[in-house]
Amino acid sequence: MPITLESIRLTESDLQDYRPYFSSAQEIYSPTSPKDPACLIGWRDRWWLHGKPGQNLAINYWLFESEEDARTAVEEGRTRLSSRSVMINGKREPIYQPFADPTKIFNGLVWQADHNFLFSTHDIAVLVMESGKQVPVETTLSIAKKVLEKIVSR
């Protein structure tokens, strides 16, 4: 059975530990847009955690035709998702850097920028992000794992 957006989107009950308020949703483009690979569908859900607009969390979901397309979109899109960069070995690199995953739940397919996590699995790419560092990194990582668990269980 193919994975659908509805089957992997987090719901209020999935986020109940964070007292969520669903603030908005919108269709979005691929992280590599306007270059290929184009996603079949891109979607962003915005949540306020603990009833606070300052704890705004966005979960971006992209469904692709293939696992290769999702992986390419994440690897190439990480340079487009933020204009910020970091110095690594004297060279400017995208702010999204490989995440050292001690639990190996992501199988090494995850990138981190501050409190944000970007990953791909199967034919899906996901970005769990917050701005302003008002949401603890442990929370965004936990929510990214919830999305991954929902994808894997489908």
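At a relative accessibility of 44%, Arg84 counts as partly exposed, a class that lies between buried, which means under 20% relative accessible area, and exposed, which means over 50%, with a 1.4 Å probe and protein chains only. The model is a predicted one, in which local features need pLDDT of at least 70 and side-chain atom pairs count only at pLDDT 80 or more, while totals for chains, interfaces and linings use all residues. Residues are numbered from 1 along each chain as its sequence is written, and side-chain values use heavy atoms, with hydrogens and water left out.

Arg84 forms a salt bridge with Asp114, the closest N and O atoms being 2.7 Å apart; the term stands for a side-chain nitrogen of Lys or Arg within 4 Å of a carboxyl oxygen of Asp or Glu. Because Asp114 lies in the loop between β7 (110–113) and β8 and Arg84 in the loop between α2 (67–77) and β4 (85–88), the pair ties together parts that are 30 residues apart in sequence. Helices (H or I, at least four residues) and strands (E, at least two) are DSSP runs, numbered from the N terminus. Asp114, partly exposed at 27% relative accessibility, also meets the side chain of Lys133 in a salt bridge, at 3.9 Å from N to O. This second pair links distant parts of the chain, with Lys133 in the loop between β9 and α3 and Asp114 in the loop between β7 and β8, 19 residues apart. Through shared partners, the salt bridges join Arg84, Asp114 and Lys133 into one network.

The structure holds six salt bridges, and one of them pairs Arg9 with Asp45, whose closest N and O atoms are 2.8 Å apart. Arg9 is in the loop between α1 and β1 (21–27) and Asp45 in strand β2, so the pair ties together parts that are 36 residues apart in sequence. At 22% relative accessibility Arg9 counts as partly exposed, whereas Asp45, at 0%, counts as buried.

Helix α3 has 16 residues and reaches 22 Å from its first C-alpha to its last, close to the expected 22 Å, a span defined as 1.5 Å times one less than the number of residues. Its buried residues include Thr139, Thr140, Ile143, Val147 and Lys150, and the buried residues of α3 pack against α1, β2, β3, β8 and β9. Ile143 touches Leu10, Leu15, Tyr18, Leu49, Leu57, Ile59 and Val128, not counting residues up to four places away in sequence, where contact means heavy atoms within 4.5 Å.

The structure also holds three aromatic pairs; rings of Phe, Tyr and Trp (its six-membered ring) pair if their centres lie within 6.5 Å, and planes under 30 degrees apart count as stacked, over 60 as edge-to-face and the rest as tilted. Tyr21 and Trp48 form a tilted pair, at 5.0 Å centre to centre and 45° between the planes, which links Tyr21 in strand β1 to Trp48 in strand β2, 27 residues apart. Tyr21 is partly exposed at 45% relative accessibility, and Trp48 is partly exposed at 27%. The rings of Phe22 and Trp47 have their centres 4.9 Å apart and their planes at 70°, so this pair is edge-to-face. Phe22 is partly exposed at 35% relative accessibility, whereas Trp47 is buried, with a relative accessible area of 3%.

Some backbone details remain. A cis peptide bond joins Ser33 and Pro34, with omega about 10°, and another cis peptide bond joins Asp36 and Pro37, with omega about 5°. Pro34 is found in the loop between β1 and β2, and Pro37 has its place in the loop between β1 and β2. Asn89, in the loop between β4 and β5 (91–94), has a phi near 50°, a positive value in a residue other than glycine, and counts as exposed at 80% relative accessibility.
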